[in-house]
Amino acid sequence: MSFVDEFQANLESLPNILQKKYAFIRDLDKSLQEIVRQNEQHCEQEIEDIKNGVRAGNITPDTSLIRFSDEALDEQKHSIRIADEKVALAVQAYDLVDTHIQQLDQYLKRFDEELRRERENAAAAVLPATSLDGSVKSGRSSEGGRGGRKKTRLATATAAAVAATEVAAASAAANPTGMELDLPVDPNEPTYCFCNQVSFGEMVACDNPDCKIEWFHFGCVGIKEQPKGKWYCSDCAAAKNRRKSR
């Protein structure tokens, strides 16, 4: 079983678990609202009875001696217990989703490492053939001036091919999984980077305090480790160069 299949198998049970927890929270909320309503009515009645007792002289007006009945206080304590239970269920649901998000980050990292190994193996397999071809052409180029020009053109073509390979590798590094990360986003969770996605994996901050984006995913900016010294995103670096050229 691949790690994608493994993650999908773990993810299939998540909606049902969340649905049960949310249904339980909804039921608790209904019962809590009913208890609060009854308690408010109970307290209002007791306050009215206390006022009538004070006016009739049956109750001393000393506020330190006036208190709600034990029944009203028990209702309030019960309301607090239900509210605490709702909070605990909400925290459990959040932690459950957060665990799956962290697991997805780990799977994406493993997927990225496998892709990188495949690219390195492919490059290593192509390198010997390229070296052999280059040595044969170099031997013919030693015949004279024309050979020298042929060698120059060959070197230029080879450099262009290498540059194209580096551009392709940079594009693959910007999106290591090779797929759109169209993940469902919590509308309250902030997004970052050029890809406008939520925070995941390793990220780097732009050292421009006025940067509009601030944080970037490693893959989206083509880096594999935290840069040493100051680092600026492409937008801020371009703006900085424009200011220097003036």
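The legends below describe an overview and several close-up views of a predicted model.

**Figure 1. Overview of the chain and its secondary structure.** The chain holds six helices and four strands, where helices (H or I, at least four residues) and strands (E, at least two) are DSSP runs numbered from the N terminus. Along the sequence the order is α-α-α-α-β-β-β-β-α-α. Of the 246 residues, 20% count as buried; buried means under 20% relative accessible area, exposed over 50%, and partly exposed in between, with a 1.4 Å probe and protein chains only. The accessible surface of the chain is about 17900 Å², and 55% of this area belongs to carbon and sulfur atoms. Accessible areas come from the Shrake-Rupley method with a 1.4 Å probe, and for residues only the protein chains shown count as cover. Contact means heavy atoms within 4.5 Å. Among contacts between residues at least 6 apart in sequence, 54% join residues at least 24 apart. Residues are numbered from 1 along each chain as its sequence is written, and side-chain values use heavy atoms, with hydrogens and water left out. In this predicted model, local features need pLDDT of at least 70 and side-chain atom pairs count only at pLDDT 80 or more, whereas totals for chains, interfaces and linings use all residues.

**Figure 2. Salt bridge between Asp29 and Lys86.** A salt bridge is a side-chain nitrogen of Lys or Arg within 4 Å of a carboxyl oxygen of Asp or Glu. The whole structure contains three salt bridges. In the pair shown here, the closest N and O atoms of Asp29 and Lys86 are 2.6 Å apart. This pair links distant parts of the chain, with Asp29 in helix α2 (residues 14-56) and Lys86 in helix α3 (residues 70-140), 57 residues apart. Asp29 is partly exposed at 26% relative accessibility.

**Figure 3. Salt bridge between Arg37 and Glu34 in helix α2.** The closest N and O atoms of this pair lie 2.4 Å apart. Arg37 and Glu34 are separated by about one helical turn because they are three residues apart in helix α2. Arg37 has a relative accessibility of 38% and counts as partly exposed. Glu34, at 32%, is also partly exposed.

**Figure 4. Salt bridge between Asp112 and Arg116 in helix α3.** The closest N and O atoms are 3.1 Å apart. Both residues lie in helix α3, four residues apart, which is about one turn of the helix. Asp112 counts as buried, at 17% relative accessibility, while Arg116 is partly exposed at 22%.

Figure 5. Ser79 is buried, with a relative accessible area of 10%. When neighbours within four places in sequence are left aside, Ser79 is in contact with Leu32, Ile35 and Val36.

**Figure 6. Positive phi at Cys193.** Most residues other than glycine have a negative phi. Cys193 is not a glycine, yet its phi is positive, at about 70°. The residue sits in the loop between β1 (191-192) and β2 (197-198). Cys193 is buried, with a relative accessible area of 5%.

**Figure 7. Positive phi at Glu214.** Glu214, a residue other than glycine, has a positive phi near 75°. Its place is the loop between β3 (203-205) and β4 (215-217). Glu214 counts as partly exposed, at 43% relative accessibility.
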